Amino acid sequence: MERSEVAARASEDRAGTTSVPDSASGLLDGVPKQRGPVPVPAALPVAVAAPEVRPRIRPWRLFPTPTGTPFTFGYAAVLAVTSLVTEYADPSLVHTLLQGSSTDVAHLVRTPVLVLFASALWIAGGIASPYVLGFLLVMTALERRIGGLRAAGVFLLGHVLATLATEVPVGLAVLAGHLPDTSLHRLDYGISFGVAAATGALAGLLPPWLRWPLLGLYGAMLVQDLLAFTDPMTEWGHLMALAIGVATWPVVRRWYGLQVPGAATAA
C-alpha cells in the first residue's frame, strides 16, 4: 500500500471520530495547555444556631431522694424515727436515752466515739426545730454537688470538732475551779453543729450573689443567739462549726470539680 493511501485512510478515520467543539467545551482556539472548565463550588450550608436551652426548675430536687441523695435520705429517716421516740415514748426512757447520748465532758472521757455518733441521732427541739428544714435543704444540696460520703464527712467534721471545741474548755474550767462539777454532766446532743458546718461548706460552692447573703444571714442569726446568752457554749459551737465549713472550701471545690468538670473554677 502506498504512503498516499495510508494518509488518506488516517484522514478518513479522524474525520469519522466525534469530537466536542472548542466553543462547547469552553476552550479557546489556538491556546495550548488549557484546563477544563472551572467547576463552580456548591453553596456552603448555613449554620443554624441551636435554640438556647434553659435549665428547668425542679423543686423536688431541693429535698432528698433515695436514689439521688441516699445518705441524706437515710439519715433523715433515722432522725424521723428518733423524733417519734422522743415525742411518744415514756419521758423517763427518753431522758435516759438522751443522757446516754450526750457529749458532755463525763461521757467524752469515758466513751468518746460512742457519744459523738449517738448524739447526732437526735434533734434538739424535736421535729419542729428549724434545723430540720436546714438539714434537709443544706445536706441535699451539698450531697448533690460532692457526693454522699464526702457530704457525710463534712457534717461529721463540723459535729466532732465543734463539740470538742466547746466541751474541752468546760472540762478545763472545772479542773481550774471556775465551774462546778455539775457542768461535767450537762445535756448536749443534736445535729446543729453538723448542719452549720455543711452550710458553711455549701456556701463555697454557690455563686457569689447567693453565697454571701447566705453566710451573712446565717452568721447574723448565730450572733444574735449568742448575744441572747441563753446557751453561750452551744452558740459559740455553732459559729465555730460555720467557720469549719468555710475552711473546707478548697477541698469541697476540688471534690465538686471531680463531680462536675469545670465547676470548681466557676465556683
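Residues are numbered from 1 along each chain as its sequence is written. In this predicted model, local features need pLDDT of at least 70 and side-chain atom pairs count only at pLDDT 80 or more, whereas totals for chains, interfaces and linings use all residues; side-chain values use heavy atoms, with hydrogens and water left out.

The protein contains 13 helices and 0 strands, where helices (H or I, at least four residues) and strands (E, at least two) are DSSP runs numbered from the N terminus. Of its 267 residues, 35% are buried (under 20% relative accessible area; exposed is over 50% and partly exposed in between, with a 1.4 Å probe and protein chains only). Contacts are defined by heavy atoms within 4.5 Å. Among contacts between residues at least 6 apart in sequence, 73% join residues at least 24 apart.

In helix α4 (residues 91–101), the buried residues are Val94, Leu98 and Ser101. Seen down the axis of α4, these residues fall within an arc of 65 degrees, so they line one face of the helix; the arc is that of the directions from the helix axis to the C-beta atoms. They pack against α3 (70–88) and α6 (112–118).

Helices α7 (residues 130–146) and α8 (residues 148–175) pack at an angle of about 130 degrees, their axes 7 Å apart. Axes are lines fitted to C-alpha atoms, for helices over the stretch in contact, and angles run from 0 to 180 degrees between N-to-C directions. The two helices α7 and α8 are therefore oblique to each other (angles under 35 degrees count as roughly parallel, over 145 as roughly antiparallel, 65 to 115 as roughly perpendicular and the rest as oblique). On the α7 side, the contact is made by Phe135, Met139, Leu142, Glu143 and Ile146, and on the α8 side by Gly148, Arg150, Ala151, Val154 and Phe155.

Helix α10 (residues 208–228) packs with α11 at an angle of about 160 degrees, with the axes 8 Å apart. Helices α10 and α11 are therefore roughly antiparallel to each other. Residues making this contact include Leu215, Tyr218 and Leu222 of α10, and Pro232, Trp236 and Leu239 of α11.

Pro232 lies in helix α11 (residues 232–247). This residue is partly exposed, with a relative accessible area of 23%. The C-alpha atoms of Pro232 and Thr166 are separated by 9.7 Å, although the two residues are 66 residues apart along the chain.
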